[in-house]
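Reader: I have not seen this one before. Can you take me through it?

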Amino acid sequence: MLSQFGNERVKPADALRVASSIFSEGLAHLHAGRLTEALSNFEASLSMNQKFLSGAALESINCFHQIASVHDKLGNLGEAAAYYERARAQLASAPIPPGERGVFAKRRRNELLRQVQQRLDMMPRLAQVPKVGAGVPLADLRKLYDSLLASGDRQLAEGELAGAE
């Protein structure tokens with residue numbers, strides 16, 4: 001089977017070997033700390049994989065996982081969470097691609113799902129972070145403020161805060 005890729009017709013096996021090579025290069029960039037280069041490689045590999053494989057294929061899911069990892073390291077938490085969610089959804093989806101129904105492939109999928117879920121669980125949920133002072137009665141805050149103000153005035157009067165004026 002031949003497929004159109006760019007302006008050339010290529011065999012899927014050849015394209016997938018190139019995608020695998022690009023992915024491996026991305027891992028090398030990632031381990032060397034070259035995050036933008038790693039991201040570029042993972043995105044290119046994902047693009048090639050998606051032309052020839054289902055979204056539930058481990059090759060595509062590994063790309064989602066690594067793209068999420070790079071975004072996480074770059075501080076793009078929204079993007080990281082979105083790619084981790086895509087990886088999780090594909091790992092949990094049915095049907096599993098025909099070539100990945102063996103014991104080792106199932107074990108790899110389960111391990112990857114565990115890793116992805118762990119990363120998602122560690123991601124901060126900004127909407128759930130309570131506001132500063134939430135749950136503290138206003139009267140208690142006023143008492144604390146008055147106490148700190150009185151303590152500061154006393155220390156200033158006793159010369160303990162010389163130079164703080």
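Author: This is a predicted model. Helix α3 covers residues 58-74, which is 17 residues. From its first C-alpha to its last, α3 reaches 24 Å, close to the 24 Å expected at 1.5 Å a residue.

Reader: How many of the 17 residues of α3 are buried?

Author: 14 of them are buried, so α3 is largely enclosed by the rest of the structure.

Reader: And what is α3 followed by?

Author: Gly 75 follows α3, and the phi of Gly 75 is positive, near 85°.

Reader: New topic. How many aromatic pairs does the structure hold?

Author: It holds two aromatic pairs. In one, Phe 23 and Phe 42 have ring centres 5.2 Å apart and planes at 50°.

Reader: Where do Phe 23 and Phe 42 lie?

Author: Phe 23 is in helix α1 (residues 12-31), and Phe 42 is in helix α2 (residues 35-52). The pair therefore ties together parts that are 19 residues apart in sequence.

Reader: Is Phe 23 buried or exposed? What about Phe 42, buried or exposed?

Author: Phe 23 has a relative accessible area of 16%, and the cut-off for buried is under 20%, so Phe 23 is buried. Phe 42 is buried too, with a relative accessible area of 0%.

Reader: And Phe 64 with Tyr 83, what sort of aromatic pair do they form?

Author: A tilted one, at 6.3 Å centre to centre with 40° between the planes. Phe 64 belongs to helix α3 and Tyr 83 to helix α4 (residues 77-92), so this pair links distant parts of the chain, 19 residues apart. Both Phe 64 and Tyr 83 are buried.

Technical notes: Residues are numbered from 1 along each chain as its sequence is written. This is a predicted model: local features need pLDDT of at least 70, side-chain atom pairs count only at pLDDT 80 or more; totals for chains, interfaces and linings use all residues. Side-chain values use heavy atoms; hydrogens and water are left out. Helices (H or I, at least four residues) and strands (E, at least two) are DSSP runs, numbered from the N terminus. The expected span of a helix is 1.5 Å times one less than its number of residues. Buried means under 20% relative accessible area, exposed over 50%, partly exposed in between (1.4 Å probe, protein chains only). Rings of Phe, Tyr and Trp (its six-membered ring) pair if their centres lie within 6.5 Å; planes under 30 degrees apart count as stacked, over 60 as edge-to-face and the rest as tilted.
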